[in-house]
Amino acid sequence: MAEVAATKLGWKTDIFLRKLGVEYFKLCCEEYGKALRVLGSNLMEFFSNLDGLHEQIKTCPRFQNQNPPSFRCDLDKANKLNLHFYTFRRATLTFVAGTVEALALALFNVAVTLTVSPNRDVTSPHQLFFITPCSNGNDLHHVRSRLFADQCRASPKPTDSKMSVRTFCASFPFHVIFDRNLLVTQLGAALVKMVTAERVAAEGGLHLGALFQVVRPRVKMSFSALLSRLNSSFTLRARTFVSGGDGKSNGRLGHQEMELKGQMIYLQEADAMLFLGSPSVEKLEELIGKGIYISDIPIHDATRDVILVGEQTKAQDGLKRRMELLKQSLLEASRAVEEEKAKNIDLLHEIFPPSIATKLWRGESVEPKKVDDVTMLFSDIVGFTAICSTATPMQIETIGDAYCVAGGLHRKSNYHAQQIAWMAMRMMSTARNEKSHDGNVIKMRIGIHTGPVLAGVVGKMMPRYCLFGNNVTLANKFESGSEPLRIHISPTTYESNPGFSVRTTLQRDFAGGVPR
């Protein structure tokens, strides 16, 4: 496709691919421009961190099952910058050269030319680019600072180091150094405790693959493969190798598989690789389960803070859960109280007038009140005691068969006498349609009287709303002096209740007489 497009444009294929790489970088800047600008302050730092960005981007669903290439920069003996490119897609080399030239100009304001040096071995993924700045000698120092940072003037000789191997192993207890044959030449203090001297002697040295497996990134266990992903974050998982030469556990690790997270560093002076990492743990239980201790983790390692903060967060979460449970129980108790309160209020409104019920619920005192014009009804079932004596009732509580109603007591009305009279007639007609267990018709007698009464609440633990006065006694007398199936009304009720058919009764006909 590139060759066809180049022919159409009259360009060489290499020129077309370089220009295509420039345009591709422009598209990348539109979507990932902010991330690309913070990868490094120069070209070498940029490519040292590009693999990490690729690892994050490849987790997106649109890039699933895609393996990005890997980049690595170094300086040759002439202090010139070389770019190592690891890919099996050799046809993209010129395209990548154009992309690198575009990003160097756009991000670091330096013009460079890349010379492609493909590997002679067509099966090898390792390719090489030589980076040459396009500038005159006057601003060479400025241009070089955009390509790579000035190297410190420390000695390249390991023997000139002021730090002994023992101090280094104690300072970085979870590091591993291995040569090109993947033979481990040095272990950190914490890892040394995992391997006995007898085993090292028995195997003639330790192979990296016998101690660890590479979890991330997915590369084969070889020096060149690890070198190709030098700028990626590595996760190594310790194999179950924690035992002595006799096969017995040394009691140090082995409870759970331990993972180390860190980076690979190429040691050019020793042609070896250094893995510098720390345990991948976040909770104290994980630390205990892997058989390591806080003392194994150096003070400068942020893993200590992660574990301790995790414990603090766990304690706070536990407290938060307990507080949530307590809050929930309080809310449930509050709802239960509100439900009981509503039931009590409803019950009070069933027994007492609304104004009286409100005062009782608030705990306020209720003063007795005189009501000048009230019509009272008393009713009774004739022979109720005899009916109950021959029946087999359910086990319920009853206190007699009397029923008392008052009209015009809480709401002023000019028709309370008529309303009570109509109620009495409806009660009487309903009773005629009911029969007792022995087949006899239920007979009622009713007495009605109108007059002033005194109303008030009696009792504190079990308050009751009662009516007092001579007129209450008169109303009761009119009921007891009535005849079965008759409604007996007083003269005052009659005067307030015209329109009904009545039959007069003399005072001498009252049993026990009428109170005056």
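Leu-319 counts as partly exposed, because its relative accessibility is 44% (buried is under 20% relative accessible area, exposed over 50%, partly exposed in between, with a 1.4 Å probe and protein chains only). The model here is a predicted one, so to speak of local features takes pLDDT of at least 70 and side-chain atom pairs count only at pLDDT 80 or more, while totals for chains, interfaces and linings use all residues. Numbering runs from 1 along each chain as its sequence is written, and side-chain values use heavy atoms, with hydrogens and water left out.

Leu-319 sits in helix H12 (residues 303-351). Together with Met-323, Leu-326 and Leu-330, Leu-319 makes up a nonpolar surface patch with about 400 Å² of accessible area (members have over 30% relative accessible area and no salt bridge, and nonpolar side chains are joined within 5 Å). A salt bridge here puts a side-chain nitrogen of Lys or Arg within 4 Å of a carboxyl oxygen of Asp or Glu. Areas come from Shrake-Rupley with a 1.4 Å probe.

Zooming out, the chain has 17 helices and 16 strands (DSSP runs, at least four residues of H or I for helices and at least two of E for strands). Of its 516 residues, 35% are buried.

Seven strands build an open antiparallel sheet, ordered E7-E6-E5-E11-E10-E9-E8 (pairing takes at least two DSSP bridges). E7 (206-207) and E8 (212-216) are the edges; each has a single partner strand, so one side of each lacks a neighbour in the sheet. Further in, E5 (residues 175-178) pairs antiparallel with E11 (residues 272-279) over four bridges, and Ile-177 has Leu-274 of E11 as its bridge partner.

Note on methods
Patches are made of residues with over 30% relative accessible area and no salt bridge: like charges are joined within 9 Å, nonpolar side chains (Val, Leu, Ile, Met, Phe, Trp, Tyr) within 5 Å.
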